[in-house]
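Please open the model in a viewer and keep the sequence panel at hand.

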Amino acid sequence: MRMSNFIVKDAILPVLTATTREGAITEMIASLHAAGEFAAADVPDITAAVLRRESLGSTGIGRRIAIPHSRHAAAGKLVGTVALSAAGIWFDSVDEEPVRLLALIVSPQDQPALHLRALEAVVHATKDDDLVAQLIECRTPDDIWNLIP
């Protein structure tokens, strides 16, 4: 699986306004809603589910990257978005560094294998330090989309 199989181009956020982990997750889910992926009524519950998952252990994997995620019954299909923070956001990452690149994943409740494959796709793509550096420097959704493997 490739990230481009589930990242929603219209939901990409090259400039997060949020300064907190909770704010970033909320902003990213709102962008998926604005792109037509979630009904307005489902946004608070999906946000709560991602934040619940985050409370179990940080999804900040180090190297300025976080992968907040959850499975949820309101997700009709696997979706995700990418967001960038110029200043960095504290995510309680394993390396104790602020996060600049975020990839959010929400998948259907009944498809755990698909969810794991999406996580694997993000981890695999972000092992490339050059790609991560290029993504962090992007300024438009198209710039980000054109780099996503």
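With which residue does Arg-21 form a salt bridge? Select Arg-21 together with Glu-54: the two form a salt bridge, their closest N and O atoms being 3.2 Å apart. The pair links distant parts of the chain, with Arg-21 in helix α1 and Glu-54 in helix α2 (residues 43-56), 33 residues apart. A salt bridge here is a side-chain nitrogen of Lys or Arg within 4 Å of a carboxyl oxygen of Asp or Glu, and the count by this rule comes to five.

This is a predicted model, in which local features need pLDDT of at least 70 and side-chain atom pairs count only at pLDDT 80 or more, while totals for chains, interfaces and linings use all residues. Residues are numbered from 1 along each chain as its sequence is written, and side-chain values use heavy atoms, with hydrogens and water left out.

Helices (H or I, at least four residues) and strands (E, at least two) are DSSP runs, numbered from the N terminus. Is Arg-21 buried or exposed? Arg-21 counts as buried because its relative accessible area is 19%; buried means under 20%, exposed over 50%, and partly exposed in between (1.4 Å probe, protein chains only). Glu-54 is buried as well, at 5% relative accessibility.

**Second stop: Arg-63 and Asp-129**

Next, select Arg-63, in the loop between β1 (60-62) and β2 (65-66). Its side chain and that of Asp-129 meet in a salt bridge, 2.7 Å from N to O. Asp-129 lies in helix α4 (residues 129-136) and Arg-63 in the loop between β1 and β2, so the pair ties together parts that are 66 residues apart in sequence. Both ends are partly exposed: Arg-63 has 35% relative accessibility, and Asp-129 has 49%.

Inspect the backbone of Arg-63 too, where phi is near 60 degrees, a positive value in a residue other than glycine. Most residues other than glycine have a negative phi.

Move to the loop between β4 (79-89) and β5 (99-108), where Asp-95 lies. Glu-96 lies in the loop between β4 and β5 too, and its phi is likewise positive, near 60 degrees. Glu-96 is exposed at 59%, whereas Asp-95 is partly exposed at 31%.

Which residues gather in a patch of negative charge on the surface? Select Asp-92, Asp-95, Glu-96 and Glu-97 to display this patch. Patches are made of residues with over 30% relative accessible area and no salt bridge, like charges being joined within 9 Å and nonpolar side chains (Val, Leu, Ile, Met, Phe, Trp, Tyr) within 5 Å.

**Last stop: Lys-9 and Asp-142**

Finally, select Lys-9 and Asp-142, whose side chains meet in a salt bridge at 3.2 Å, N to O. This pair also links distant parts of the chain: Lys-9 is in the segment before α1 and Asp-142 in helix α5 (residues 141-147), 133 residues apart. Lys-9 is partly exposed at 35% relative accessibility, and Asp-142 is partly exposed at 43%.

Definitions and conventions: Accessible areas come from the Shrake-Rupley method with a 1.4 Å probe; for residues, only the protein chains shown count as cover. Lys and Arg count as positive and Asp and Glu as negative; His and the chain ends are not counted. The place of a charge is taken as NZ of Lys, CZ of Arg, CG of Asp or CD of Glu.
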